[in-house]
Amino acid sequence: MRKYATFALVLMLLAQCTTRQTPADLLIKGGTIYTMDAAHPQAEAVAVTGDKIVFAGSAQDAARYAGADTKVIDLQGKTMMPGFIEGHAHLMGIGYNELNLDLMNIKSFEEMIEKVKEAASKAKPGQWIVGRGWHQDKWTVKPDKVVKGFPVHTKLSEVSPNNPVFLWHASGHAAFANAKAMEIAGVSLVTKENIQGKNTEGGEIIRDEMGNPTGLFNEQAMTLVSSHIPQATVETDAQALDLAIKACLRNGITSFHDAGVSRENIDLYHQFKNEGKLSVRMYVMLTGWDRDLIYEWLRKGPEIDSAHILTIRSIKLNCDGALGSRGAWLLEPYTDRPGFSGMATLSMDTVLKTSREALKHGFQVCSHAIGDRANREILDRYETAFRENPSVKDHRFRIEHAQHIDPKDQPRFATLGVIPAMQAIHMSSDRPWAIERLGEKRIREGAYKWQTLLKSGARIVNGTDAPVEPVNPIPCFYAAVTRKTLKGEPEGGYEPEEKMTREQALRSYTLDAAYGAFEENIKGSIEPGKLADFTVFTQDLMTMPESAILKTEVAMTIIGGKVVFSR
């Protein structure tokens with residue numbers, strides 16, 4: 001009997017030797033791990049070698065990957081998920097928001113004036129004062145005088161007589177200028193639609209009853225003033241990019257879809273990549289405003305990075321404005337501005353032409369559309385381009401925002417294979433006042449239709465549109481699953497039937513966001529062979545009480561198996 005026992009022990013030891021794996025570089029265990037792998041939704045441990053996942057499963061099986069040099073991360077009960085992917089934001093805007101006046105949290109026009117007054121007291125005469133983030137519908141104290149819903153510049157001009165001021169609306173689709181800035185731009189009572197060759201078609205200068213400019217410039221009209229602002233320097237661009245990358249890492253963002261990038265910023269991204277400083281994986285959309293840039297890239301083709309750091313294969317088209325500035329292009333007039341339906345900011349012929357060329361040259365098109373008419377017009381152009389290019393089966397064209405969609409057009413996303421890239425946080429921030437713009441019927445039938453789109457078969461890419469909103473994904477996740485404001489209102493949420501489930505919300509920030517960039521085979525879930533990108537949270541977003549979600553923080557960000565942020 002002892003002989004048989006000894007023989008069995010030898011066999012067991014031999015079996016262990018043959019199943020022991022090459023030691024991994026990193027082993028992560030000790031917490032809840034959500035994988036987004038449908039076959040194995042949760043894991044107890046993950047092993048990483050190089051920048052790839054080599055194992056995800058039980059802690060017992062993971063022990064085979066432990067060696068003398070294996071680094072071990074004990075999650076200590078925290079929750080790990082696939083690395084969060086920011087599906088639509090503006091990286092340089094995030095950085096410059098930290099360099100310039102940040103107006104995101106001001107509560108009144110008077111507070112904005114005080115911030116400008118303080119900045120003017122420190123500025124040299126003639127120095128431009130710029131900022132971004134104000135939103136008149138979020139002010140708890142309304143201005144004394146408004147024209148078409150916006151304040152007038154008088155008080156702002158009084159506190160900054162020697163400095164031109166230009167303050168972008170949170171949406172980026174309108175801006176407020178003082179008298180000095182308008183003087184430099186040549187905007188006055190007698191200003192016509194064309195100033196020194198700059199056409200305001202697709203934009204609007206808001207004027208009072210006497211015809212005087214109020215200081216508010218909508219959409220394309222902003223360029224009348226913004227073109228006079230001194231260009232950013234190479235040094236300030238690099239500083240802004242560095243700040244933006246750090247903001248992403250501390251907010252758990254491992255990949256970033258950059259919605260409209262200039263030639264100069266693409267060069268800067270390449271420089272940062274070559275210097276090893278581009279720590280966030282970038283998926284870049286070329287700005288559609290620069291037609292020379294677009295055709296240059298169409299000729300040379302997409303840049304798909306084998307190292308998965310910087311990929312350029314998409315074109316961003318800005319086709320209408322925002323609800324906040326009443327620039328979103330609607331099928332019917334605004335409820336709170338009768339006779340006005342917003343505007344197209346780009347010719348639909350250009351959308352069709354760009355879509356045709358993109359399909360022929362291997363590029364994706366991502367078109368900004370917030371209003372229901374803009375969404376319909378773009379879907380129509382996409383459909384025409386698809387029909388003319390039947391050989392392209394996997395285009396993954398997107399509509400960015402897709403905020404208000406006529407019921408007739410909602411099923412077309414899935415039918416055409418068009419991806420709605422929707423920012424859930426916009427519902428939380430905008431829904432309380434959006435009903436004033438659209439009225440109850442249009443809000444109920446067409447706005448923020450997440451569950452309707454998902455049930456139709458569409459895949460939603462989530463994100464924040466930072467710096468319109470903070471790049472932090474937790475409030476966005478909260479908005480997706482509750483449809484409440486960040487104050488927890490209203491009870492039950494707005495149009496609760498359109499809430500995402502927690503799994504859908506997680507998928508929209510991971511696997512479906514990866515799909516929106518043709519990258520679902522390399523990221524978006526925790527599976528062997530995929531990139532070792534993870535976001536670790538202090539609490540379990542999938543099971544914790546709804547009321548506690550906003551108290552969650554990012555504990556750690558891991559990209560390519562390297563810890564790039566730890567709280």
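In this predicted model, ring pairs join Phe109, Trp134, Trp139, Phe150 and Phe176 into a cluster. Across the whole structure, a search finds 13 aromatic pairs. One of them is formed by tryptophan 134 and phenylalanine 176, in an edge-to-face arrangement with 6.2 Å centre to centre and 65° between the planes. Tryptophan 134 belongs to strand β8 (residues 129-134) and phenylalanine 176 to strand β12 (residues 174-177), so this pair ties together parts that are 42 residues apart in sequence. Tryptophan 134 is buried, its relative accessible area being 0%. Phenylalanine 176 also counts as buried, because its relative accessibility is 0%, and the cut-off for buried is under 20%.

Serine 157 is found in helix α5, which covers residues 154-159. With a relative accessibility of 12%, serine 157 counts as buried. Its side chain makes a polar contact with the side chain of histidine 153, at 2.7 Å. Leaving aside residues up to four places away in sequence, serine 157 touches Asn178 and Ala179.

The structure holds three cavities of 30 Å³ or more, and the largest cavity has a volume of about 170 Å³. The lining of this largest cavity consists of 19 residues, of which Ser171, Ala322, His426, Asp430 and Val468 lie nearest its centre. By residue class, the lining divides into six nonpolar, nine polar and four charged. Helix α14 (residues 424-446) gives the most to this lining, contributing three residues.

Notes: Residues numbered from 1 in each chain as written. Predicted model: local features only at pLDDT ≥ 70, side-chain atom pairs only at ≥ 80, totals over all residues. Heavy atoms only, no water. Helix = DSSP H or I, 4+ residues; strand = E, 2+ residues; numbered from the N terminus. Buried < 20%, exposed > 50% of the residue type's maximum accessible area, 1.4 Å probe, protein only. Polar contact = N/O pair within 3.5 Å; in protein donor to acceptor, adjacent residues only side chain to side chain. Contact = heavy atoms within 4.5 Å. 1 Å grid on protein atoms, 1.4 Å probe; cavity = no way out; pocket = protein on both sides within 12 Å on 5 of 7 lines; lining within 4 Å. Points joined across faces, edges and corners; volume = space filled by probe spheres on them. Nonpolar A, V, L, I, M, F, W, Y, C, P; charged D, E, K, R; others polar. Phe/Tyr/Trp six-rings, centres within 6.5 Å; stacked < 30°, edge-to-face > 60°.
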